[in-house]
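User: Can you walk me through this one? I'd like to start with a single residue, then go wider.
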Amino acid sequence: MYLLKWIKILWILAALVNLSGVIWLILGSTANFQRGIDLITTVIMIGLGIPSTLLIVISVILLVRRWSPQNGGVLGVFALIVSMLLLTPPLYKSVNTSGWLTERVMADSIQMTTDGHYNYRIEVINIFQRNSYARLYLKNVSTSEENRIRLSLPVYEIHGIGVEKVNYWVKLEPITEADTYILHTTKNFPLSGERFKVDVINGRAVKIE
């Protein structure tokens with residue numbers, strides 16, 4: 001009886017650990033429900049997620065019914081426990097945290113403004129997700145100070161983007177006002193023809209209609 005008690009405790013712990021792996025897989029694969037499930041994730045779900053879920057459901061049903069394993073049943077329970085514990089590490093390892101716990105950044109090539117004051121590029125964050133957005137990266141050539149200015153671009157409309165070894169998706173051109181530039185997206189960017197007035201000192205980019 002004492003042995004069966006510890007078997008049940010181990011069984012419950014194994015089910016909880018395996019359940020945490022399934023939850024982690026779902027949250028990570030969907031970037032906390034910010035993107036859809038792709039083909040690779042679907043395969044992982046079928047190969048790891050579904051078997052884990054079935055083992056957890058079987059365990060819950062048997063535990064709720066207070067089923068007590070006897071003789072050969074003990075070996076079956078140990079097989080369940082071992083299976084759930086073996087499936088858990090791959091569930092955690094298969095999750096890509098970019099776009100969720102860390103930003104997934106897609107950017108064009110670094111350029112320098114014609115006045116030689118700033119290096120710049122456009123960065124698209126978490127592309128193809130509901131929480132995606134774009135920002136302008138700037139680095140002061142003289143001081144090496146870095147700045148990022150958010151751009152009101154409808155990046156959710158981007159369904160595909162070509163990436164070459166060298167990419168120029170934006171141009172940043174100085175105007176007569178100090179530390180003020182006009183940014184426009186090029187034909188190589190899916191959202192071409194967008195224009196912004198960029199105030200570097202105040203860190204603002206105002207869209208030009």
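User: Where is Asn 167 found?
Analyst: This is a predicted model. In it, Asn 167 sits in the loop between strand E5 (146-151) and strand E6 (170-174).

User: Buried or exposed, that Asn 167?
Analyst: Buried. The relative accessible area of Asn 167 is 7%, and the cut-off for buried is under 20%.

User: What lies 2.7 Å from a polar atom of its side chain?
Analyst: The backbone oxygen of Glu 164.

User: And which residues is Asn 167 in contact with, leaving aside neighbours within four places in sequence?
Analyst: Asp 108, Ser 109 and Gly 162.

User: Switching topic. What volume does the largest pocket have?
Analyst: About 240 Å³. Its lining has 13 residues. Ser 29, Arg 35, Asp 38, Thr 41 and Asn 96 lie nearest the centre.

User: Which elements give two or more residues to that lining?
Analyst: Helix H1 (2-29) and helix H2 (39-64). H2 has the largest share, with three residues.

User: How do the lining residues divide?
Analyst: Seven are polar, three charged and three nonpolar.

User: Now the largest nonpolar core. Which residues have the most contacts inside it?
Analyst: Leu 151, Leu 153, Phe 189 and Val 198, in a core of 25 residues. Strand E3 (118-125) gives the largest share of this core, four residues.

User: What is Leu 151 in contact with, beyond four places in sequence?
Analyst: Ile 122, Ala 134, Arg 135, Leu 136, Leu 183, Phe 196 and Ala 205.

User: What does the second core include?
Analyst: That one is separate and has 20 residues, including Ala 15, Leu 48, Leu 80 and Ile 81.

Note on methods. Residues numbered from 1 in each chain as written. Predicted model: local features only at pLDDT ≥ 70, side-chain atom pairs only at ≥ 80, totals over all residues. Heavy atoms only, no water. Buried < 20%, exposed > 50% of the residue type's maximum accessible area, 1.4 Å probe, protein only. Polar contact = N/O pair within 3.5 Å; in protein donor to acceptor, adjacent residues only side chain to side chain. Contact = heavy atoms within 4.5 Å. 1 Å grid on protein atoms, 1.4 Å probe; cavity = no way out; pocket = protein on both sides within 12 Å on 5 of 7 lines; lining within 4 Å. Points joined across faces, edges and corners; volume = space filled by probe spheres on them. Nonpolar A, V, L, I, M, F, W, Y, C, P; charged D, E, K, R; others polar. Core = buried A, V, L, I, M, F, W, Y, C linked by side-chain atoms within 4.5 Å.
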